[in-house]
Amino acid sequence: MQQWFVDFAERIDDGDPTYLACEECGQAALPPRTVCPECSSRTLEERSLSETATVTASTKIFSSIPEYADETPYIVVIATFDEGVRLTGQLRGAEGIEPGETVTVGVEEREDGWLVTFSPTD
């Protein structure tokens, strides 16, 4: 697991997730990088990420890698934050979710590292 992801997951766990924003054009970036993917500026600053995100897509996984095989079926969600950052994680606390619904982000610490999770706000 890459160190940037461990740092990011720990910040979610602490209740202060962050992303990088370009000071020149405002482009949001995650994972962290040294150059803006939109305008190539090197003036990126760390900002706090919203507490909620909107579900962009979801799918139910029936067959998985060995580390997650005992958890199937499970639902993977792609959620977009107001800042434009998208994250992928597993759904918790619901049997399903539709695009447009609002979720909160969380993490679970596992033997093999951190897992991003989303829970419905309703």
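**Salt bridges and a charged patch**

User: Which residue does glutamate 108 meet in a salt bridge?

Analyst: Glutamate 108 pairs with arginine 92, at 2.6 Å from N to O. A salt bridge here is a side-chain nitrogen of Lys or Arg within 4 Å of a carboxyl oxygen of Asp or Glu. The pair links distant parts of the chain, 16 residues apart: glutamate 108 is in strand β7, arginine 92 in the loop between β6 (86–91) and β7. Helices (H or I, at least four residues) and strands (E, at least two) are DSSP runs, numbered from the N terminus.

User: What kind of model is this?

Analyst: This is a predicted model, in which local features need pLDDT of at least 70 and side-chain atom pairs count only at pLDDT 80 or more, while totals for chains, interfaces and linings use all residues. Residues are numbered from 1 along each chain as its sequence is written, and side-chain values use heavy atoms, leaving out hydrogens and water.

User: Back to that pair. Buried or exposed, or partly exposed: what is glutamate 108?

Analyst: Glutamate 108 is partly exposed, with a relative accessible area of 26%. Arginine 92 is also classed as partly exposed, at 23%. Buried means under 20% relative accessible area, exposed over 50%, and partly exposed in between (1.4 Å probe, protein chains only).

User: New topic. Where is the negative patch?

Analyst: On the surface, where Asp7, Glu10, Asp13, Asp14 and Glu109 gather. Patches are made of residues with over 30% relative accessible area and no salt bridge; like charges are joined within 9 Å, and nonpolar side chains (Val, Leu, Ile, Met, Phe, Trp, Tyr) within 5 Å. Asp and Glu count as negative, Lys and Arg as positive, and His and the chain ends are not counted.

User: Which element gives the most to it?

Analyst: Helix α1 (residues 3–13), with three residues. Glutamate 109 lies in strand β7 (residues 102–110) and is exposed, at 62% relative accessible area.

User: What does UniProt place at residues 47–103?

Analyst: The unreviewed UniProt entry gives "domain: ChsH2 C-terminal OB-fold" there. UniProt annotations may be inferred rather than shown by experiment. In the model that span is 0% helix and 49% strand, and its end C-alpha atoms lie 20 Å apart.

Notes:
Areas by Shrake-Rupley, 256 points an atom, 1.4 Å probe, with all protein chains shown as cover. Charge placed at Lys NZ, Arg CZ, Asp CG, Glu CD.
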